[in-house]
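Biologist: I have a structure to go through with you. Could you show it before we start?

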Amino acid sequence: MGDIEIRDDRAAGRLEAVADGEVVGRIEYFPLDAPERALVPVHTIVEPAHEGKGIAGSLARELYAVAARESSVVAPLCPYVVKWAERHPDEAPAAGPELIRAAKEWLAAHPERF
């Protein structure tokens, strides 16, 4: 397997890990504008043949980097990203409870999205 490229498909709400032209993992997310700008990851998926190679962690790290570049925060609803953030507090600032609540409300109002 060659190098992993991570690309942000904002229109589709996916941060994708690509190896040799194939999407081998992704974080599905949505942007939130209120109460503050945030990226909200909902699912992290790595193709079975590519598990155990650090792809999910690379995706989580890049999601936080994208948010930082955009002066935004990450409000994780995805269990993997929540655990990753707990293990990497220096790279993953915690989102406040009001933001997490707003993210959950948005998700509940848009069940067709995920």
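Predicted model: local features only at pLDDT ≥ 70, side-chain atom pairs only at ≥ 80, totals over all residues.

Biologist: Which residues does UniProt list for the N-acetyltransferase domain?

Modeller: The unreviewed UniProt entry gives residues 7-96; such annotations may be inferred rather than shown by experiment. That span is 27% helix and 34% strand, taken as DSSP runs (helices H or I, at least four residues; strands E, at least two) numbered from the N terminus. Its end C-alpha atoms lie 27 Å apart.

Biologist: How many residues are in the largest nonpolar core?

Modeller: It has 22 residues, and L15, I27, L39, I55, L59, L63 and Y64 have the most contacts inside it. A core here is a set of buried Ala, Val, Leu, Ile, Met, Phe, Trp, Tyr and Cys residues joined through side-chain atoms within 4.5 Å, where buried means under 20% relative accessible area with a 1.4 Å probe, protein chains only.

Biologist: Which element gives the most to it?

Modeller: Helix α1 does, with 8 residues. Elements giving two or more residues include β3 (22-32) and α2 (79-87). A second, separate core of 11 residues includes F30, A38, L77 and I100.

Biologist: Changing topic, what lines the largest pocket?

Modeller: Among the lining residues are Y64, P76, E86 and I100. By class, the lining has 10 nonpolar, no polar and 1 charged residues, and α2 supplies the largest share, 3 residues. A pocket is an open set of points on a 1 Å grid, over the protein atoms alone, where a 1.4 Å probe fits, with protein on both sides within 12 Å along at least five of seven lines; lining residues have an atom within 4 Å of a point.

Biologist: And E28, is that buried or exposed?

Modeller: E28, in strand β3, counts as buried because its relative accessible area is 17%. Its contacts (heavy atoms within 4.5 Å) include R14, H43 and F114, leaving out residues up to four places away in sequence.

Biologist: How far apart are E28 and V42?

Modeller: They are 14 residues apart in sequence and 5.7 Å apart in space, C-alpha to C-alpha.

Definitions and conventions: Residues numbered from 1 in each chain as written. Heavy atoms only, no water. Buried < 20%, exposed > 50% of the residue type's maximum accessible area, 1.4 Å probe, protein only. Nonpolar A, V, L, I, M, F, W, Y, C, P; charged D, E, K, R; others polar.
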